[in-house]
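Visitor: I would like a close look at the aromatic residues of this model. Please take one part and follow its contacts from there.

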Amino acid sequence: MTSLLVTRSTRWQNPALVLLGLFVAFRLMLLTVYGAQAVTRFGDFQYYYHLARLSDQGLYPLLHYWYEFPPLFPYLSIGVYKLIGSPATFEPYAYALALVMLAFEAGNLALLMRLARRLHGEITAERLGWVYALLTVPLVFSWWTFDAMTAFWMLLALVWLVEGRAGRSAVALGLGIVTKYMPALLLATVWRFLAPRRALRYTAIVLAVVVLVIGPFLIASPRFALASLQAQASKSSWETVWALLDGNLGTGNFGPIADHFDPARATTPLGNPPRLPPWLTLAAFGLLYAYLFFGGGRKTDDGRPMASVLRPPSSVIAFTGLTWCLFFLWSRGWSPQWQMLLLPFVLLGLPLGRAALFSLALGFVNFLEWPVLLSRGWFWSLWLTVPVRTLLIGLLAVAFYRAWVANKLRERIERMGVSE
């Protein structure tokens with residue numbers, strides 16, 4: 001009995017477990033004190049709730065109406081709604097979904113520290129964990145959107161990738177893509193750092209997961225499933241420099257729920273058409289990315305263990321962070337919750353002080369945009385917030401590029417030392 005108590009006491013002296021416990025307890029207390037209505041006020045939980053309630057009428061996403069995201073989250077949302085008894089009011093659903101997102105967010109913290117430990121050691125991992133735990137962006141958006149879930153699958157795929165568990169990583173990435181399409185960007189990292197045969201095998205597993213999840217919907221209800229897949233690509237520009245050029249001063253929200261029963265509405269842009277041809281911006285950013293992607297040669301040794309191919313993992317982090325930044329600069333739209341997918345790479349790939357400053361600056365500008373200004377109808381403020389945010393992401397891209405070049409140079413020097 002005494003030895004058991006000592007073991008448990010020693011376990012809770014682990015700084016990572018203490019941080020994780022405080023992280024969860026703080027959020028639970030905040031949810032208890034302020035209530036679900038307050039903490040979800042400016043988010044999308046109400047929208048998720050009203051769509052989940054359609055299941056009471058036997059109506060389900062991608063089968064009976066189009067949904068702008070892949071099926072994993074909407075069916076999780078419906079599962080939560082059904083599990084708590086299909087409540088007639090919003091609050092029970094909001095509490096339940098907030099707890100589910102808290103579980104994913106706790107997983108994000110654990111995965112971030114696991115990556116940081118591998119890259120920088122135990123002490124820096126603890127510091128990064130505290131910084132992440134104290135940032136407002138993960139706290140707020142885990143109760144406004146489901147991006148904590150998206151970030152979880154992406155980080156899990158990345159952890160297993162750098163640890164050499166390719167199969168598991170590919171499955172996790174596939175689950176990330178059927179949650180939200182954006183984690184597919186991690187495939188660029190796979191093809192940049194793995195030999196073609198390994199990358200092809202990895203991609204095949206990812207595609208198999210995606211087809212297994214989305215395929216049945218395409219067979220059962222091709223009209224609504226296809227409209228769901230096309231919805232995001234058909235949106236007009238929003239909250240970017242491209243949107244300012246197009247004269248689209250609005251958010252990226254779709255129309256009313258009633259529009260979801262008309263597949264044609266999924267592909268009908270709600271704003272002005274682009275003034276610059278999309279192929280032109282795609283070609284410009286595509287050429288830039290191709291130069292960066294193929295610069296410095298590629299991994300071709302298919303005989304080494306995968307974990308050794310991905311050394312140093314800091315190069316993987318820097319390149320992936322650069323990929324995200326270029327994607328955001330190219331994208332016709334921007335949603336503030338996308339910070340959730342970028343923040344881990346900022347914290348892992350840059351010096352701690354600079355990473356904290358970038359994280360705070362990006363969070364401040366985006367919260368100023370929404371909810372402070374846009375919720376009041378001050379859409380003219382996009383002429384202020386969008387250029388500042390774009391500048392910050394551009395500076396981040398430069399910082400990631402420099403870190404990636406420095407890592408490549410360090411790796412070459414190490415290889416030269418080994419060969420001598």
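Guide: Rings of Phe, Tyr and Trp (its six-membered ring) count as a pair if their centres lie within 6.5 Å. In this predicted model, ring pairs of that kind link Phe-45, Tyr-47, Tyr-48, Tyr-67, Phe-69, Phe-73 and Phe-146 into a cluster. One member, Phe-146, also has a charge over its ring: the charged end of Lys-180 sits 5.5 Å from the ring centre. Another such arrangement involves Phe-23, with Arg-27 lying over the face of the ring at 3.7 Å from its centre.

The structure holds 39 aromatic pairs in total. One of them joins Tyr-49 and Phe-90, whose ring centres are 5.7 Å apart. The planes of Tyr-49 and Phe-90 stand at 70 degrees, and an angle over 60 counts as edge-to-face, so this pair is edge-to-face. Tyr-49 belongs to helix α3 (residues 45-53) and Phe-90 to helix α5 (residues 90-120), so the pair ties together parts that are 41 residues apart in sequence. Both partners are buried: Tyr-49 has a relative accessibility of 2%, and Phe-90 has a relative accessible area of 6%.

A second pair is formed by Tyr-65 and Phe-261, with ring centres 5.6 Å apart and planes at 55 degrees, so the pair is tilted. This pair links distant parts of the chain, 196 residues apart: Tyr-65 is in the loop between α3 and α4, while Phe-261 is in the loop between α13 (241-246) and α14 (263-266).

Tyr-81 is placed in helix α4 (residues 72-83). Its relative accessible area is 0%, and because buried means under 20%, Tyr-81 counts as buried.

Notes
Residues are numbered from 1 along each chain as its sequence is written. This is a predicted model: local features need pLDDT of at least 70, side-chain atom pairs count only at pLDDT 80 or more; totals for chains, interfaces and linings use all residues. Side-chain values use heavy atoms; hydrogens and water are left out. Helices (H or I, at least four residues) and strands (E, at least two) are DSSP runs, numbered from the N terminus. Buried means under 20% relative accessible area, exposed over 50%, partly exposed in between (1.4 Å probe, protein chains only). Rings of Phe, Tyr and Trp (its six-membered ring) pair if their centres lie within 6.5 Å; planes under 30 degrees apart count as stacked, over 60 as edge-to-face and the rest as tilted. A charge sits over a ring if NZ of Lys or CZ of Arg is within 6 Å of the ring centre and within 35 degrees of the ring normal.
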